[in-house]
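Subject: Structure handover

Hello,

Here is the structure I said I would pass on. My notes on it follow below.

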Amino acid sequence: MATMRGVYFLEPGKLEMREVPVPQPGPGEVVIKVESATTCGTDLKAWRRGHKLFKPPMPFGHEYAGIISAVGAGVTRFKEGDAVTGTNAAPCNECFYCKRGTQQLCIHLEGRFNFGSYAEYHRIPDYIVAQNLFHVPSHLPFTEASFVEPLGCAVLCAINADIELGDTVAIIGVGAQGLMQIQLVKALGASRVIAIGRSAGRLQKAKEVGADVIFSSNDGDPVAFVKELTDGQGADVVIEAAGSADTWQQAVMMARNGATVMQFSGLPGGTQVAFDATKLHYGEITMKGTFHMNPRAAEMAMQMLVTGQVTVKPILDGTVPLSQVESALQRMQRSEVIKLAVVPSLPES
Ligand SMILES: [Zn+2]
Ligand SMILES: [Zn+2]
């Protein structure tokens, strides 16, 4: 039986390279030869402290692009040799939440996450092949195509943010999500995007991808800064993508009355955040959580990548071979890189 190398997540802080059988596609499934598996903040979280969606020991990695190496019975939309990318899950379309049009909340989603893209080959289950697998055109590099999953999450957030033409949108956090959100809110009609972060290098990238104003939280209070820029009112829309209780609070305080605040980043389980009830109530703040994506958002994300309306080039800080997943996560943790593409065909040095 043919074998391959694949990275397994054993427990927080512990990964292992294993030699395992090359997966075979069941009915409706495909297997891809992985050309790019991008590292993700979610992987970093899981590796550092565990994650409610991760049940180790398990194959690791969930972002992918590659070439179909085997096709299961009944697959008609794809054939061997096709370049594809896709997301890491797909809804059931039958449950309470799916029927209400919120497929990202699908009751069965937890059992339908597909892991194992940090490997030479990756099996894609039938429900993902049917709903969330896309052809990659030849002009789009695999290392960029594998952004469709994180970009899909950014898209769902942006389209639920109620952005109107001419809006001022403040985005807290200039990691991968923030840098994609900047481009999406611009595409949705925002006139002025204020990017708030800490790292000078990343704030520069925020400018490159379209932020009109950048602000480093090291230089002062971002809430005061946003208010000053908006005649004391605050931003029309605020997106929090930095991941701390403090920034969740700041997001509300820098919003104008009547604004929508999107709390994008997940905080560690059990985290409590206190909010100013006066601001929420008398300021008529709409605060929304946003999680994951649905097939429509994934399709939109793919379109943005294919057309280049969203560029992920400034977010991708290089490629590494399969053996360097752990050091890639360490480099992310030290904020040396935003995202890296794990490319199994790269020679191990
Ligand atoms: Zn991801
Ligand atoms: Zn469902």
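Helices α5 and α11 are roughly perpendicular to each other, a term for angles of 65 to 115 degrees, where under 35 degrees would count as roughly parallel, over 145 as roughly antiparallel and the rest as oblique. Please note that this is a predicted model, in which local features need pLDDT of at least 70 and side-chain atom pairs count only at pLDDT 80 or more, while totals for chains, interfaces and linings use all residues. Residues are numbered from 1 along each chain as its sequence is written, and chains are lettered from A and ligands numbered from 1 in the order in which they are written.

Helix packing

The angle between α5 (residues 148-159) and α11 (residues 295-307) is about 110 degrees, and their axes lie 8 Å apart. Axes are lines fitted to C-alpha atoms, for helices over the stretch in contact, and angles run from 0 to 180 degrees between N-to-C directions. The residues of α5 that meet α11 include V148, L151 and V155, and those on the α11 side include A297, A301 and L305; a contact needs C-beta atoms, placed from the backbone, within 7 Å.

α5 also packs on α6 (residues 176-187), at about 50 degrees and with the axes 9 Å apart. α5 is therefore oblique to α6. Among the residues making this contact are P150, A154 and A158 of α5, and M180, L184 and V185 of α6.

The sheet

An open sheet has three strands in the order β2-β1-β4, paired antiparallel. β2 (14-21) and β4 (58-59) are at its edges with a single partner strand each, so one side of each has no neighbour in the sheet. Strands count as paired if DSSP finds at least two bridges between them. β1 (residues 3-11) and β2 are joined by eight bridges, and R5 stands opposite E19 in β2.

The chain as a whole

There are twelve helices and 16 strands in the chain. Both are DSSP runs numbered from the N terminus: helices are H or I with at least four residues, strands E with at least two. The C-alpha atoms fill a box of roughly 65 × 45 × 40 Å along the principal axes. Of the 349 residues, 47% are buried, that is, with 20 or more other C-beta atoms within 10 Å of their own, the C-beta atoms being placed from the backbone. Of the contacts between residues at least 6 apart in sequence, 70% join residues at least 24 apart.

Regards

Key: A residue is buried if 20 or more other C-beta atoms lie within 10 Å of its own, exposed if 12 or fewer, and partly exposed in between; C-beta atoms are placed from the backbone. Two residues are in contact if their C-beta atoms, placed from the backbone, lie within 7 Å.
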